[in-house]
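Colleague: Hi! I'm new to this one, could you walk me through it?
Modeller: Happy to, let me bring it up first.

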Amino acid sequence: MIVEPLLSSIERMRRTADGYLDDADILQSQIDSVSDAGYLLRLTAFEILLKAVLRCHEAVVKPHHNYRAHFENLSPEVQEHLWKVAASRMGPGAEYSDTGRLLTEWSTNFSHLRYSYEAYEGQSSEEVRAMGEAWLASGGKLEEASFRYYPEELTGVLYALQAELESLLGQ
């Protein structure tokens with residue numbers, strides 16, 4: 001049983017994450033939106049939900065953005081359950097065979113996409129555009145991309161974390 005004031009804190013975390021997800025939906029529904037803002041809001045919601053689930057399971061919550069380290073603070077049973085729920089929600093379109101890679105990519109994206117211009121420091125706009133065109137011309141392989149988002153997988157794990165919180169909070 002989760003007691004006050006921890007319960008109030010977890011509820012606030014959930015409401016905050018839900019707000020970020022609602023805002024991400026609004027941003028991503030705009031046809032002319034070209035920024036990563038919606039995706040970054042989803043990553044922020046992911047981190048908050050993950051930390052809320054950690055608190056519910058009385059696991060260590062440290063102030064960093066290493067999602068893999070946070071996730072590994074959950075018991076193996078909880079981790080496995082969350083990935084299974086995520087996979088069942090998304091079906092075969094989402095790939096969860098290397099969950100460590102996903103968590104690491106999302107952590108990196110959260111840190112680096114906030115200041116993505118730094119990834120191309122010292123390169124002209126033309127050089128960056130040419131690099132993107134060359135990447136597309138070579139087949140646009142995911143493993144060769146500067147940033148890999150895994151949006152389907154993120155959607156699934158967001159759902160799993162929300163479902164876990166609902167279950168833990170008895171809602």
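**Salt bridges, rings and the core**

Modeller: Let's begin with a charged pair: Lys51 and Glu47 form a salt bridge, with their closest N and O atoms 2.8 Å apart. Keep in mind that this is a predicted model.

Colleague: Where do Lys51 and Glu47 lie?

Modeller: Both lie in helix 2, 4 residues apart, which is about one turn of the helix.

Colleague: Are Lys51 and Glu47 buried or exposed?

Modeller: Both Lys51 and Glu47 are buried.

Colleague: How many salt bridges does the structure hold?

Modeller: There are 7 salt bridges. Another one of them joins the side chains of Arg68 and Glu72, at 3.2 Å from N to O. Arg68 and Glu72 are 4 residues apart in helix 3 (residues 67-72), so about one helical turn separates them.

Colleague: Is Arg68 buried or exposed, or partly exposed?

Modeller: Arg68 is partly exposed, at 36% relative accessibility.

Colleague: Let's switch to the aromatic rings. How many aromatic pairs are there?

Modeller: The count comes to 7 aromatic pairs. One of them is Tyr39 with Tyr149, which are stacked, 4.3 Å centre to centre with 25° between the planes.

Colleague: Why does that pair tie together parts that are apart in sequence?

Modeller: Tyr39 sits in helix 2 (residues 37-56), while Tyr149 is in the loop between helix 6 (125-137) and helix 7 (151-168), so the pair links parts that are 110 residues apart in sequence. Tyr39 is buried, with a relative accessible area of 5%, whereas Tyr149 is partly exposed at 26%.

Colleague: What about Tyr115 and Tyr117, stacked or edge-to-face?

Modeller: Tyr115 and Tyr117 are edge-to-face, with 6.4 Å between centres and 85° between the planes. Tyr115 counts as partly exposed at 40% relative accessibility, and Tyr117 counts as exposed at 53%.

Colleague: Which rings are linked into a cluster?

Modeller: Phe46, Tyr67, Trp106 and Phe110 are, through ring pairs.

Colleague: Which residue lies over the face of Tyr159?

Modeller: That's Arg89, at 4.4 Å from the ring centre.

Colleague: Okay, on to the nonpolar core. How many residues does the largest one have?

Modeller: It has 43 residues, and those with the most contacts inside it are Leu43, Phe46, Trp83, Trp106 and Leu154. The elements that each give two or more residues to this core are helix 1, helix 2, helix 3, helix 4 (76-90), helix 5 (99-112) and helix 7.

Colleague: Which element gives the largest share?

Modeller: Helix 2 does, with 12 residues.

Colleague: And what is Trp83 in contact with?

Modeller: Setting aside neighbours within four places in sequence, Trp83 is in contact with Phe71, Tyr96, Thr99, Leu102, Leu103, Trp106 and Val157.

Colleague: What span should helix 1 have?

Modeller: Helix 1 (residues 6-29) has 24 residues, and at 1.5 Å a residue it should span 34 Å; its end C-alpha atoms are 35 Å apart, which agrees.

Colleague: Is Arg42 buried or exposed?

Modeller: Arg42, which is in helix 2, counts as buried at 16% relative accessibility. Leaving aside neighbours within four places in sequence, Arg42 is in contact with Leu21, Ala24, Asp25, Gln28, Leu154 and Leu158.

Colleague: Last one: where is Asp36?

Modeller: Asp36 is in the loop between helix 1 and helix 2, and it counts as partly exposed at 22% relative accessibility. Beyond neighbours within four places in sequence, Asp36 is in contact with Leu113 and Tyr149.

Terms used
Residues numbered from 1 in each chain as written. Predicted model: local features only at pLDDT ≥ 70, side-chain atom pairs only at ≥ 80, totals over all residues. Heavy atoms only, no water. Phe/Tyr/Trp six-rings, centres within 6.5 Å; stacked < 30°, edge-to-face > 60°. Buried < 20%, exposed > 50% of the residue type's maximum accessible area, 1.4 Å probe, protein only. Lys NZ or Arg CZ within 6 Å of the ring centre and 35° of its normal. Expected span 1.5 Å × (residues − 1). Contact = heavy atoms within 4.5 Å. Salt bridge = Lys/Arg side-chain N within 4 Å of Asp/Glu carboxyl O. Core = buried A, V, L, I, M, F, W, Y, C linked by side-chain atoms within 4.5 Å.
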